[in-house]
Amino acid sequence: MAENGTVVTEFVLLGFRLSAELQTGLFLVFLLLYLVTLGGNLGVMALIQSDPRLRTPMYFFLSHLSFLDVCYSSVIVPQLLEALRTEKRTIGFERCATQFFFFTLCASTECFLLAVMAYDRCVAVCSPLLYASAMTPRARLGLVAAAYGGAAVNSTVRTGCAFSISFCKSNRVDFFFCDLPPLLKLACSETRPRERVIYLLAFLVIATSVSAILISYLFIIRAILKIRSAGGKAKTFSTCASHITAVALFFGTLIFIYLKGNMGKSLGEDKVVSVFYTVVIPMLNPVIYSLRNKEVKEALKRALSRMKVSQLE
């Protein structure tokens, strides 16, 4: 229910309250970032599919990461662009719940997938002779399916808990998408039991994923230390550098926004951090995996060479 006692059927996303000129500038910035995100991630997916040398377990998982980044960004940015361009800030209750569900699904799946990618690197570094037999097509599909399945359960429960709350204080959400903290500020019913479930699930997803990543890298570090040559150590570590960078960016911002607790942080600061992990990180991942990965750069060169040859013909 809203302030006048009626049932809430829609929310008003206040977003970024700026002057018309600044909103136009922000629209252009977000549009550019979104187009780069789509181009970069779809380009990585196409490159992996088109180049036989990239049809390995690591790049199979990377293609799913790129797919998630496209979905992740597409859940949030188009509506944000519409609000900045047209001032249309209303969103229906069902659409808000749907956005929250898919946002949570993408974020949770990315957590699990980054853990799977760490395990993949662990097997590749620690047991290279067993890598092919361990990471069979069936095993890859099973790991990815587990990531999506676990995320689906998490997002279903979290969405059910969040949107079974009664909203009566207002329908004005001081955020740019339907995220949990600003929605809870509008609740008029008792939210503590549901909040405990919601935040417990968030903690379990992050803690499980981070633990798997840390354990995998402990084994990787132990294996690297056993390599005698400095060149061999550097070459082995370089295969993990892109993944470490992606993990640090994603989990760093996610932990800050969800597990920082009541430390007096404003929603304004949360908006900046949320922009970073919903808009900027999906754009950066293809850059991280392209610039720091020799195989991807070589595959890109081959693709460009094929395009030039086809144009000449």
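Modeller: Strand E1 (residues 10–13) and E3 run parallel, joined by 2 bridges. Within that pairing, Val12 has Arg172 of E3 as its bridge partner, and Leu13 has Val173. E1 also pairs with E2, this time antiparallel and through 3 bridges. There, Phe11 sits opposite Ile91 of E2. Put together, the 3 strands make an open sheet in the order E2-E1-E3, with mixed pairing. Strand E2 (90–92) and strand E3 (172–173) are the edges: each has a single partner strand, so one side of each has no neighbour in the sheet. As for the wording, two strands count as paired if DSSP finds at least two bridges between them. Helices (H or I, at least four residues) and strands (E, at least two) are DSSP runs, numbered from the N terminus. As a general point, side chains in a regular strand alternate between the two faces of the sheet.

Residues are numbered from 1 along each chain as its sequence is written, and side-chain values use heavy atoms, with hydrogens and water left out. The model is predicted, so to speak of a local feature I need pLDDT of at least 70, and side-chain atom pairs count only at pLDDT 80 or more, while totals for chains, interfaces and linings use all residues.

Now to the charges. A search of the whole structure turns up 1 salt bridge, meaning a side-chain nitrogen of Lys or Arg within 4 Å of a carboxyl oxygen of Asp or Glu. The pair is Asp120 with Arg121, and their closest N and O atoms are 3.1 Å apart. Both Asp120 and Arg121 are buried. Here buried means under 20% relative accessible area, exposed means over 50%, and partly exposed is in between (1.4 Å probe, protein chains only).

Patches take residues with over 30% relative accessible area and no salt bridge, joining like charges within 9 Å and nonpolar side chains (Val, Leu, Ile, Met, Phe, Trp, Tyr) within 5 Å. Helix H10 (residues 294–312) gives the largest share of the positive patch, 3 residues. Lys235 sits in helix H8 (residues 230–259), and its relative accessible area of 65% makes it exposed.

There is a nonpolar patch too, about 220 Å², made by Val153, Val157 and Val197. Accessible areas like that one come from the Shrake-Rupley method with a 1.4 Å probe; for residues, only the protein chains shown count as cover. Val197 belongs to helix H7 and is partly exposed, at a relative accessible area of 34%. Ala207 is also found in helix H7 (residues 192–225), and is partly exposed at 25%. Ala207 and Ser127 are 80 residues apart along the chain, with 26 Å between their C-alpha atoms.

Asn293 is in the loop between helix H9 (267–291) and H10, and counts as buried at 11% relative accessibility. From Asn293 to Thr236 is 57 residues along the chain and 12 Å between C-alpha atoms. Asp51 lies in the loop between helix H1 (20–50) and helix H2 (57–86), and counts as buried at 2% relative accessibility. Asp51 and Ala299 are 248 residues apart in sequence, yet 6.7 Å apart in space, C-alpha to C-alpha.
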